[in-house]
Amino acid sequence: MDDMELLGHDTLTSGKREAFMKHAEYLVPPGRRIRIEDFDSSFTGRFRKKEDAQAVLDRDIRRLSALQDVLYAQNTYALLVIFQAMDAAGKDGAIKHVMSGVNPQGVQVFSFKAPSEEELDHDYLWRCMKALPERGRIGIFNRSYYEEVLVARVHPEILERQRIPKNLRTKDIWKDRFEDINNFERYLTRNGIVVLKFFLNVSKDEQRQRFLDRINAPAKNWKFSSADVAEREYWDEYMNAYEDVFSHTSTKWAPWHIVPADHKWFTRVAVADIIVSSLEGLKLKYPKVSEEAQKALQEQKRLLEKQAGS
C-alpha cells in the first residue's frame with residue numbers, strides 16, 4: 001500500500017487533519033518584542049516521553065511524503081525551510097529524521113558556512129538566492145542569510161571582510177538588513193515560495209552536555225570543534241541578537257517558530273507537524289488531465305493490454 005492509499009486522496013487534498021499540537025505556542029507574533037527565556041527549551045507539550053511522540057512523528061513523515069508528491073506534481077508552489085540555532089541544538093538530526101520519508105529528488109539541503117572569496121565579492125543574499133528551491137521542491141537552509149544579522153553582529157569584524165563601502169557601515173546597518181530580509185521574504189512568498197523559519201531553542205546547559213557527549217563518544221569526535229566552546233562565551237550576545245531578529249523579522253508572511261530543543265525527539269515531531277500543516281494549508285492537488293489527454297491515455301492502455309502475452 002503506497003502513501004496515497006494509506007492517507008486517502010480526499011484527506012490529502014482537503015487540508016483537514018486532526019490537530020496534535022498547538023503551533024501558536026511556538027510562533028513569534030509579528031512586531032512584538034520577545035524574550036527567549038520566556039520560551040521553555042525543555043517543553044514537550046502533551047508528550048511525556050519519546051515513545052509517546054514517535055507515532056505522531058511516523059504519521060507526519062508518511063504524510064509529508066505524500067504531500068511532497070503532490071507539491072512536485074502541481075509544480076506551482078515551493079517550500080523553503082530555514083533552520084537557525086546555537087551549536088548542537090539538533091538541526092542536522094531534525095533534517096535527517098523529518099525528511100527521512102521524502103523523495104530525495106524533490107528536496108535540496110544547503111549548509112551555509114563562512115563565505116568564500118567569490119561569495120564575499122557579492123551581496124550577502126547572493127549565495128542564498130542561488131540555492132532557492134524550484135517550484136515543486138522543498139529547499140532546506142541549514143543556517144542562512146540570518147547569519148548576517150547574528151554572527152556578523154556578535155563579531156562585527158566580519159563586516160570588515162565583506163568589502164562593504166565604509167559609508168554604508170553605519171549604526172543603522174542591522175535595521176537596514178532586517179528591512180532587506182523582510183522585503184526579500186515578501187518577494188519570495190509573492191512568487192509562490194512558502195517560507196518556514198525555525199529557531200531550535202536549546203539551553204546553555206543542554207548544549208554543554210551535548211558537547212561533552214561528542215567528546216566522550218569516539219564516533220562523535222569529528223563533530224566537535226574547540227571554536228564551539230569559545231562561542232559559548234558570547235551566549236548572551238547571541239541571545240540578544242536573536243531576540244532582535246525575531247522582533248524585526250517575524251512577519252505574517254514568514255513568521256518565526258521557536259521550537260523547544262532540549263529533547264531532540266520533541267524538536268523533530270514539532271518541526272514535522274508544522275511543515276505538514278503548512279503544506280496542507282496550500283490545498284495541493286494533482287494536475288487535472290484534459291479530456292483529450294484522457295482519450296489518448298485510454299488508447300495507449302488499449303494498445304498495452306493488446307500486447308499481453310505477446
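Here are some notes on the predicted model above, point by point.

1. **Ground rules.** This is a predicted model, so to speak of a local feature takes pLDDT of at least 70, side-chain atom pairs count only at pLDDT 80 or more, and totals for chains, interfaces and linings use all residues. Residues are numbered from 1 along each chain as its sequence is written, and side-chain values use heavy atoms, with hydrogens and water left out.

2. **Overall picture.** The protein has 14 helices and five strands; these are DSSP runs numbered from the N terminus, with helices being H or I of at least four residues and strands E of at least two. Its C-alpha atoms fill a box of roughly 75 × 50 × 40 Å along the principal axes. Of the 310 residues, 47% count as buried. Here buried means under 20% relative accessible area, exposed over 50%, and partly exposed in between, with a 1.4 Å probe and protein chains only.

3. Helix α3 covers residues 50–74, and its 25 residues should span 36 Å at 1.5 Å a residue; the end C-alpha atoms are 35 Å apart, which agrees. The expected span is 1.5 Å times one less than the number of residues. S65 lies in this helix and is buried, with a relative accessible area of 14%. The C-alpha atoms of S65 and S100 are separated by 8.8 Å, though the two are 35 residues apart along the chain. Just after α3, N75 takes a positive phi of about 60°. N75 sits in the loop between α3 and β1 (78–85) and is partly exposed, at 42% relative accessible area.

4. **Another positive phi.** R163 also deserves a look: its phi is near 60°, a positive value in a residue other than glycine. R163 lies in the loop between α8 (157–160) and α9, and is partly exposed with a relative accessible area of 44%.

5. **Helix α13.** The 17 residues of α13 should span 24 Å at 1.5 Å a residue, and the end C-alpha atoms are 24 Å apart, which agrees. This helix is mostly covered, with 14 of its 17 residues buried.

6. **Aromatic pairs.** A search of the whole structure finds 16 aromatic pairs. Rings of Phe, Tyr and Trp (its six-membered ring) pair if their centres lie within 6.5 Å; planes under 30 degrees apart count as stacked, over 60 as edge-to-face and the rest as tilted. F112 and F141 form an edge-to-face pair, at 5.0 Å centre to centre and 85° between the planes. This pair links distant parts of the chain, 29 residues apart: F112 is in the loop between β2 (107–111) and α5 (117–120), and F141 is in strand β3 (residues 138–142). Both F112 and F141 are buried. Elsewhere, Y145, Y146, F184, F199, Y242, F246 and W256 form one aromatic cluster.

7. **The largest pocket.** About 1300 Å³ of space lies in the largest pocket. The search uses a 1 Å grid over the protein atoms alone; a pocket is an open set of points where a 1.4 Å probe fits, with protein on both sides within 12 Å along at least five of seven lines, and lining residues have an atom within 4 Å of a point. Grid points are joined across faces, edges and corners, and the volume is the space filled by probe spheres set on the points. Of the 42 lining residues, the closest to the centre are D87, K91, K113, R143 and D228. The largest share of the lining, four residues, comes from α4. By class there are 16 nonpolar, seven polar and 19 charged residues; Ala, Val, Leu, Ile, Met, Phe, Trp, Tyr, Cys and Pro count as nonpolar, Asp, Glu, Lys and Arg as charged, and the others, Gly among them, as polar.

8. **The second largest pocket.** This one holds about 390 Å³ of space. Of its 19 lining residues, the closest to the centre are D123, Y124, Q162, I164 and R177. Helix α9 (173–190) and α5 each supply at least two lining residues, and α9 gives the most, with four. The lining has eight nonpolar, two polar and nine charged residues. R177 also lies over the face of Y124, at 4.3 Å from the ring centre; the criterion is NZ of Lys or CZ of Arg within 6 Å of the ring centre and within 35 degrees of the ring normal.
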